[in-house]
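I opened this one to see how two chains sit against each other. My notes go in the order I looked things up.

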Amino acid sequence: MFPPSLPAVAPGQLVNVKVRVKEPTIIRYRAYRRDFVGGMRAMVPWLIGVAPFGLVIGVSAAQADIPTLAGWLTGPLIYAGSAQVATIQMLDAGAAPYAVIVTAMVINLRLILYSGAMATYWRGTPLWWRLLGGYLLIDPSFVVGVERYGRESDRRRGHAHYLGGAVVLWVTWLAVIAVGATAGARLPDWLRLEFLIPLYLIGEIVPKLRQVATRRAVLVAAVVAVACLSVPMHLGIAIGIVAGIAAGVTNAPGMGRPAVKSEAVSTEEGHR
Amino acid sequence: MNAWTVVLAAGFGSYLLRMSMIGAADRIRLPSRLDDSAVLVAPTAFAALAVTSIAGSMLGAGVPQAFAPLAAATVAVLAVLRTGSTYAAVLAGMPTLWILTLLTSA
């Protein structure tokens, strides 16, 4: 008899049965497996791009004058490469705690914009999905997710696509940081691996200098940061960032509106 | 406040930033100026971090040794300009740093 818990009733007798219908889950893995895997595939180019950066962060965490595990924890907690670099570097340099936190927050301010963009697609979703999706939100997952949401009428398929890409990114990111931290702790000092980060950052900056607004912003940020080297608590970095952004968005005569949209999230920019 | 607390606080703050608009997108629209400035955050942060780190390396060394980080950074810039590859900076800059460090400390 189904369901087995019902009492026996006479034929034709009306019974009042309460049936608890389980709420449809936002993603049924089997139904949307293809979309989930599609999201993972779409993330592969990003993984190749961000893996070296994760290794560098891991190495810097191992070399820095902070517990290696604390450096690795910037991965799951902050989960944004440049903010992680800033946090590790500034802690290593002995910067004031509040300066470190403020700098990480300033660097991550763009997440507000990503949050606003994804919110339009996540309207009406359960709280747990928003909490999870929001946690996994970073440049690559944002791009992979938005690209699919934009051409998919079935939001649930878009959710599966986003989740597939975001999860594989998260796992890979934490793994490569761990590899870098493990290997980095055993490497000799003469390698001067701490210099990997500024060199890597140079590699990220230089290709972007074609944009006038970006060039102006980068130059001002660099000059101000150097000029503020003696500012206490290493606030010079945060001051440089703010000054650079201000210079970049300021429309000088004849320069027009800063052309920054198209360079928002390039593949090489990766896991910023 | 130790390193653990700082990492935890920065992580919590970052999560708040991620969640900030997810529940309020229908009611809030960001000014276009703020929208534009968002993409400048990463390059300016990178520039500030890079020059601070390079300057730090130079300040801590003697006169001949201080030359090595600056030269390595210069070579890195030229390598990226030449090749267009992000990783050229590391591939050209690190050997330059090692060689010049060896030469200047000999």
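**Confidence**

Before anything else, I reminded myself that pLDDT is the predictor's confidence in each residue, from 0 to 100. I need that here, as this is a predicted model.

I looked up chain A, and its pLDDT averages 79, with 79% of the residues scoring at least 70.

I'll read both stretches with care.

Chain B has a mean pLDDT of 84, and 84% of its residues reach 70 or more.

**Chain B by itself**

How many helices and strands does chain B have? I found four helices and zero strands. Of the 106 residues in chain B, 47% are buried. I also looked at contacts in chain B between residues at least 6 apart in sequence, and 42% of these join residues at least 24 apart.

**A helix in chain A**

Next I picked helix α7 (residues 139–149) of chain A. Is α7(A) mostly covered or mostly open? Mostly covered: nine of its eleven residues are buried. Among them are A:Phe142, A:Val143 and A:Val144, but also A:Asp139 and A:Arg148.

**Where the chains touch**

I turned to the interface, where 79 residues of chain A are in contact with 61 residues of chain B. Which helix of chain A gives the largest share of its side? It's α9(A), with ten residues. By class, the residues on chain A's side are 54 nonpolar, 15 polar and ten charged.

**First helix pair: α4(A) with α1(B)**

The axes of α4(A) and α1(B) are 9 Å apart, and the two helices pack at an angle of about 30°. Angles under 35 degrees count as roughly parallel, so α4(A) and α1(B) are roughly parallel to each other. Their crossing is right-handed.

I listed who meets whom. From α4(A) come A:Pro97, A:Val100, A:Ile101, A:Ala104 and A:Met105, and from α1(B) come B:Val6, B:Ala9, B:Ala10, B:Gly13, B:Ser14 and B:Leu17. That contact has nine nonpolar, two polar and no charged residues.

The numbering in that list made me recall a general point: an α-helix has 3.6 residues a turn, so residues three or four places apart point the same way.

The crossing of α9(A) and α4(B) is right-handed.

On the α9(A) side I wrote down A:Leu196, A:Leu199, A:Tyr200, A:Ile202 and A:Gly203; they meet B:Ala88, B:Ala89, B:Val90, B:Gly93 and B:Met94 in α4(B). This contact splits into eight nonpolar, two polar and no charged residues.

Note on methods:
Residues numbered from 1 in each chain as written. Chains lettered and ligands numbered in written order. Predicted model: local features only at pLDDT ≥ 70, side-chain atom pairs only at ≥ 80, totals over all residues. Buried ≥ 20, exposed ≤ 12 C-beta atoms within 10 Å, placed from the backbone. Contact = placed C-beta atoms within 7 Å. Nonpolar A, V, L, I, M, F, W, Y, C, P; charged D, E, K, R; others polar. Axes fitted to C-alpha atoms, helices over the stretch in contact; angles between N-to-C directions. Parallel < 35°, antiparallel > 145°, perpendicular 65-115°, else oblique. Left-handed = near helix turned anticlockwise from the far one by under 90°.
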